[in-house]
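Me: I'd like to learn how to read this structure piece by piece. Can you walk me through it?

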Amino acid sequence: MTNLVDTVLILIILTNLMLLGSSRLRTCIFVVAMQGILLGALALLTENSGLTIHLILLPTVIICLKGIIFPFLLFRTLRDLNVQHEVEPFVGYGTSLVLSPLVLVVCIWLGSQLSLPVEAISSLVVPAAFFSIACGLFLIISRKKALTQVLGYLVLENGIYVFGVSIATKQPVLVELGILLDVFVAIFVMGIAIYHINREFDHTDVDRLNKLKG
Amino acid sequence: MSLFLLGLSIIFIGGLASLISGRRALASFFGVTGVVAGCVIAVVPAFRVLFNGVAESFRFDWTMPFGSFFLQIDSLSAIFLIAILGLSAIAAIYGMGYLGAYREKKNLGVVWFFYNLLLLGMSLVVVAQNGILFLLAWEIMSLAPFFLIIFDDEKEKARNASWTYLVATHIGMVFLLLFFIILAGKTGSMDFDKIVVMDSVKAGFLFILAVIGFGTKAGFITLHVWLPEAHPAAPSHASAVMSGVMIKTGIYGLVRAITLLGHPPVWWAWVLIGISAGSGVIGVLFALAQHDLKRLLAYHSVENIGIITLGLGIGVLGMSIGSPILAVFGFAGGFFHVINHAIFKGLLFLGAGSVLHGSGTLEIDHLGGLIKRMPWTAVTFLVGAVAISGLPPLNGFASEFLIYLGVFKDGMSHGLANIIPALGVIGGLALIGGLAAACFTKAFGIVFLGEPRSKHAHQAHEVHIAMVLPMVILAILCVLMGVFSPLIIGFFGGAISTITSLPQEVVQGQLNTGSGILSNVVIVSVLLVVLIFGFALLRKWLLSGRSVSEMETWGCGYARPTARMQYTASSFAQPLVFLFRLFLRTARKDSPREGLFPDRAFLQTDTADTSSKYLFQPLFKGISFLFSQLRWIQHGWLQLYVLYIAITLLILLIWKAF
């Protein structure tokens, strides 16, 4: 059981690295979808109270939303946008990949330092969660296309979710579903917003949006 | 208690249904039905508590940290609850008629939703027995009026007023948050019945926080700046509720805070009396100088809050120096005035709304002669004006009389340090009463008597029956509450004995002597009123056989008088405004009049709010200058903003890890 959990966590870390290294937006969306499915698997594996509605419902909803619906919405936005590549990010792909192991080391160190209220299911949980959060933030900070920002937000949220699923196993299903709904609405709104920004300004480069400042 | 919760649910559901109906005609129906039905049901437990003297409570587990869903109607809550539910129901009926004119232009569903939400918030505030629940209810109650004030959102004045209100209410909220956090202190429980008495320094600090926090809502002087902006902007039935009962929740909070903080030291009473005398006198002076009818009424709210707090101040003085007479009559007068002010100020705001509805303007100097065109509005407004001026036998007199009575009976026998505040109360109340009478002579005389001063007043017409009826009900209540005041004050015994922890018998004994004296005064004044009516009938009878010719009002023997020869509001108030120019600082512009036959001349006076002009505007300007120095951080680069967050997060995490 622990081996399986560890495998999933390592896969999540690897998806993060892949995101940092790829410039094709299609690939990025695909990777985020993979990460969503992995999260669903994680939720399935960490549940140890036997077969309950909780056990069935939550992973199903996670996989449906993060693995199918979000990617679908994002692919559709991508098609409307006519953008295929992230161009000239603030921090290059090579540099990102070189920096990321350093960040991972910091995350592992943080994981060993933080004392948690409950015993985590695996020693990799906290590093994987932190690393996802850091990667999400890094994507938002260093990339220019609005769609990548949405992906960064999703990855950041996934990181928080890794925490939630593996540590706070006792939280009620309603709360988890509520969080999922929040993210769903956010992605929905962002997709629409990006579409309209593109129509209005003919580009979705976030660094040029400071013209909007009042 | 279940009836109370049922009533609140009906009010809320009515509001929701109205919101969903939106622009359809059903919206008003749902809103009003919800309010009236809900109020009628919810007020039953309040009356039950007041009659039986047994508190009713409701407790419900809640996962909110420090919070618990703990409601209780005790006799103190019941007094405020009756005022809130009663006035809101009557004002809602009026609102149905008043808003009818706006049906084409505005989404009335939204207005009703926030009106019902305001009512819900106010009712919860006075029954909440837990700090967190109280703050939540307080926030609902504070946010809902924002959407009512901004009703005329196409007018810049209304938008500014609603922002002023929002800023003011949140400044108050900051102090209340601090108050409750410190109050919960080490016990960690915010249930009002579990709060322990603390040392005097801390209690004093908390008292100051409560005075500022609750005083902002109540409208103590210098903290009142939002009232004269917000009340004129809101639709009139909402102004009636805001001025009549919403600001009273500030008074309720203050009283509740005093009961939570333990035995009050005497300086609390001095602070309360000082603030309230200032509020009363300065409030009525500013009212005198106003040109807008609703703005004038808003300043009178400041004045009446002053009178109520004078009563509380005397009550607290009685508590701290151990004088049951002062304590009982002070609180009784204060509470009675809470209800009375809700009635007559509600009535006056509804009257002002009718004037606006009937004539299209609230500018006092543009009106005149409305008594012939709007007789119902005029008569009911007159009743309200007499009541607010504190003239017997109406209700405003009864409550002020109780405060006088307490001070005269026992205010002079507790050493010099306490005689001065007692004398201050008597002098302050007398001055306030006189100035209020002058102010309403001006308001009623200029608006309703004389000849129309503009085409607005010429075209004025009486309002719809749905608007007349609530005013008539309130006017009748003004009379009844005055005439039957000796019977009514007995019901305040429960609340007074909970606050002062005096035994029930002592309180009732004092109230009985008070009602004895009060009934003599009321009988005499009723006889006087009857006598006056008798003389009027006699005059009519004597004149019946003779020819009586009617001339133009203020004709004064002129062959061709014009409306412009009448007294104006400004000229009527001028001597008093001049006398108190030190406080008012009225800006005056006029043209020099030269020669024997000066042709055109003009005079313009403008009385800006001194505390807004000399205190808050410079203060906010300074703050905005300080913050403008930080503008360079706001550059519009989203990525850098997120970078700030990421760096902060990282620093916090690493700091925690070490």
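Me: Let's start with helix α1 of chain B: what do its buried residues pack against?

Reply: A helix here is a DSSP run (H or I, at least four residues) and a strand is an E run of at least two, both numbered from the N terminus. Contact means that two C-beta atoms, placed from the backbone, lie within 7 Å. In chain B, the buried residues of α1 pack against α2 (26-52), β2 (69-73) and α4 (108-127). This is a predicted model, where local features need pLDDT of at least 70, side-chain atom pairs count only at pLDDT 80 or more, and totals for chains, interfaces and linings use all residues. Residues are numbered from 1 along each chain as its sequence is written, with chains lettered from A and ligands numbered from 1 in the order in which they are written.

Me: Which residues of α1(B) are buried?

Reply: Buried means 20 or more other C-beta atoms within 10 Å of a residue's own; exposed means 12 or fewer, and partly exposed is in between, with C-beta atoms placed from the backbone. Among the buried ones in α1(B) are B:F4, B:L8, B:I11 and B:L19. Just past the helix, B:G22 has a positive phi of about 60°.

Me: What about the largest nonpolar core: how many residues does it have?

Reply: In soluble globular proteins, nonpolar side chains tend to be buried together. A nonpolar core is a set of buried Ala, Val, Leu, Ile, Met, Phe, Trp, Tyr and Cys residues joined through C-beta atoms within 7 Å. The largest one has 217 residues, and B:I79, B:L118, B:A332 and B:C478 have the most contacts inside it. Helix α13 (residues 324-359) of chain B gives the most to this core, 21 residues. A second, separate core has 56 residues, including A:L19 and A:V165.

Me: How many residues does each chain bring to the contact?

Reply: Chain B brings 10 residues and chain A brings 13. The predictor gives the complex an ipTM of 0.78 and a pTM of 0.80.
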